[in-house]
Amino acid sequence: MPRQSASVRDKDGARLAEGVRQGDRLQLARAITLAEREDPRAPELLAALYPATGHAQIIGITGAPGTGKSTLVTALAQHLRAANQSVAIVAIDPTSPFTGGAILGDRVRMRALSGDAGVFIRSMATRGSLGGLSKTTGDVVTILDAAGFDRILVETVGVGQAEVEIATMAHTTLVVEAPGLGDEIQAIKAGILEIADILVVNKADRPGVDKTVQALEMMLALEPGGSRQVRHHGQLLQVNSPSRTHEEQAWRVKVLKTIASEDEGVAELVAQMDRHRQWLLSSGEWAVRERLRAAHTLESILRAELTRRIVARMPTDGLSDLVEAIRRRDTDPYHAAASLIASW
Ligand SMILES: Nc1nc2c(ncn2[C@@H]2O[C@H](COP(=O)(O)OP(=O)(O)OP(=O)(O)O)[C@@H](O)[C@H]2O)c(=O)[nH]1
Ligand SMILES: [Mg+2]
């Protein structure tokens with residue numbers, strides 16, 4: 001391959017950014033791939049796109065495996081399309097490929113979505129990426145936001161840190177539960193209630209649904225204000241936020257029942273998502289969440305970039321040798337990190 005001159009690369013980058021802003025599918029897919037692979041061209045592209053962002057409502061959908069998140073996302077997208085909203089769907093580390101269609105209860109419905117120019121669907125893997133889930137996902141959301149999608153639905157499997165990270169990124173977080181399975185107990189363990197703006201009990205056609213709804217409502221009643229408090233997990237940069245919204249203005253987390261596979265309760269869920277968006281804007285919480293996301297993004301970039309630079313300066317095997325020295329207790333991770341930073 002001939003080496004590209006910088007100006008050719010610049011032109012190509014500008015064309016890519018322009019293509020994304022126009023919503024060009026091919027360019028959009030290319031841009032996402034660059035972000036996903038943490039290509040050296042990605043930061044420039046993202047920087048060029050950033051001024052065009054800030055329009056989309058970012059909606060996180062999380063919950064235990066198999067609760068029906070993908071089916072629900074598909075049904076939600078259909079309702080949003082009917083309301084003339086353009087929709088981007090991102091499935092993070094899906095246990096099965098979202099676009100394959102096989103995992104969806106209703107393949108016909110999925111096919112209807114994939115032929116629609118107002119819908120963009122992408123599955124992505126973030127495991128093993130340097131910046132981790134939040135950075136790569138945030139970058140992809142930035143690209144989709146710049147492309148002008150009204151709503152961006154991000155599905156993550158709720159295991160471990162992933163669901164908490166999505167809440168840092170989303171304006172609105174849906175936590176999906178299903179009857180039985182002891183999910184209500186898991187919810188407490190994972191602290192998942194703290195991140196939910198809307199709780200969904202899907203598979204409401206299954207036995208035990210009312211018990212699950214009751215358990216969740218009881219737990220919500222125990223929470224002060226019933227509104228989530230946790231927005232800063234793992235975040236180093238603390239930002240000043242205006243004083244918390246007044247009690248009477250506080251958002252009330254509701255438990256909604258759905259049968260995603262039958263499209264039951266989905267219209268109500270969309271209405272609640274719209275109410276949440278309205279509340280975010282009228283209470284000032286939209287700006288609070290945007291500020292947190294900005295801090296989180298800045299921190300992720302710093303973390304990834306500083307790590308990359310420090311590692312790049314180390315000799316081959318330098319990192320493995322150092323890790324091995326730490327394992328042998330010849331040194332400790334604190335001194336090792338301090339010496340790397342000092343020598344940089
Ligand atoms: N009975 C019933 N089944 C449903 C409902 N919603 C989804 N399902 C089925 O549940 C299974 C899992 O659905 P998915 O939408 O793939 O669930 P998911 O949460 O995205 O799964 P992962 O991404 O693997 O975590 C599929 O067989 C769906 O058809 C529902 O409301 N009722
Ligand atoms: Mg899924």
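Predicted model: local features only at pLDDT ≥ 70, side-chain atom pairs only at ≥ 80, totals over all residues.
Glu 38 has 16 other C-beta atoms within 10 Å, so Glu 38 is partly exposed. Its place is the loop between α2 (25–36) and α3 (42–49). The phi of Glu 38 is positive, near 50 degrees, and Glu 38 is not a glycine.

Lys 203 is another residue other than glycine with a positive phi, about 60 degrees. Lys 203 sits in the loop between β6 (198–201) and α9 (209–222). Is Lys 203 buried or exposed? Lys 203 is buried, because 25 other C-beta atoms lie within 10 Å.

## Helix α10: length and sides

Helix α10 covers residues 266–283, which is 18 residues. At 1.5 Å a residue, the helix should span 26 Å. The end C-alpha atoms of α10 are 25 Å apart, which agrees.

Which residues of α10 are buried? They are Val 266, Leu 269, Met 273, His 276 and Leu 280. These residues cover an arc of only 65 degrees around the axis, so they lie on the same side of α10. An α-helix has 3.6 residues a turn, so residues three or four places apart point the same way.

The face turned away from the buried side of α10 carries exposed residues: Ala 271, Gln 278 and Ser 282.

## What the buried side meets

The buried residues of α10 pack against both strands and helices. The strands are β1 (57–63), β5 (172–177), β6 and β7 (254–257). The helices are α4 (69–82) and α11 (285–313).

## From α10 to α11

Gly 284 follows α10. The phi of Gly 284 is positive, near 90 degrees. Next, the packing of the two helices. The axes of α10 and α11 are 5 Å apart, and the helices pack at an angle of about 90 degrees. Angles of 65 to 115 degrees count as roughly perpendicular. The two helices, α10 and α11, are therefore roughly perpendicular to each other.

Which residues meet where α10 packs on α11? From α10 come Leu 280, Leu 281 and Ser 283. From α11 come Glu 285, Trp 286 and Arg 289. By class, this contact of α10 with α11 has three nonpolar, one polar and two charged residues. Leu 280 also belongs to the buried set of α10.

Terms used:
Residues numbered from 1 in each chain as written. Chains lettered and ligands numbered in written order. Helix = DSSP H or I, 4+ residues; strand = E, 2+ residues; numbered from the N terminus. Buried ≥ 20, exposed ≤ 12 C-beta atoms within 10 Å, placed from the backbone. Expected span 1.5 Å × (residues − 1). Arc of directions from axis to C-beta. Contact = placed C-beta atoms within 7 Å. Axes fitted to C-alpha atoms, helices over the stretch in contact; angles between N-to-C directions. Parallel < 35°, antiparallel > 145°, perpendicular 65-115°, else oblique. Nonpolar A, V, L, I, M, F, W, Y, C, P; charged D, E, K, R; others polar.
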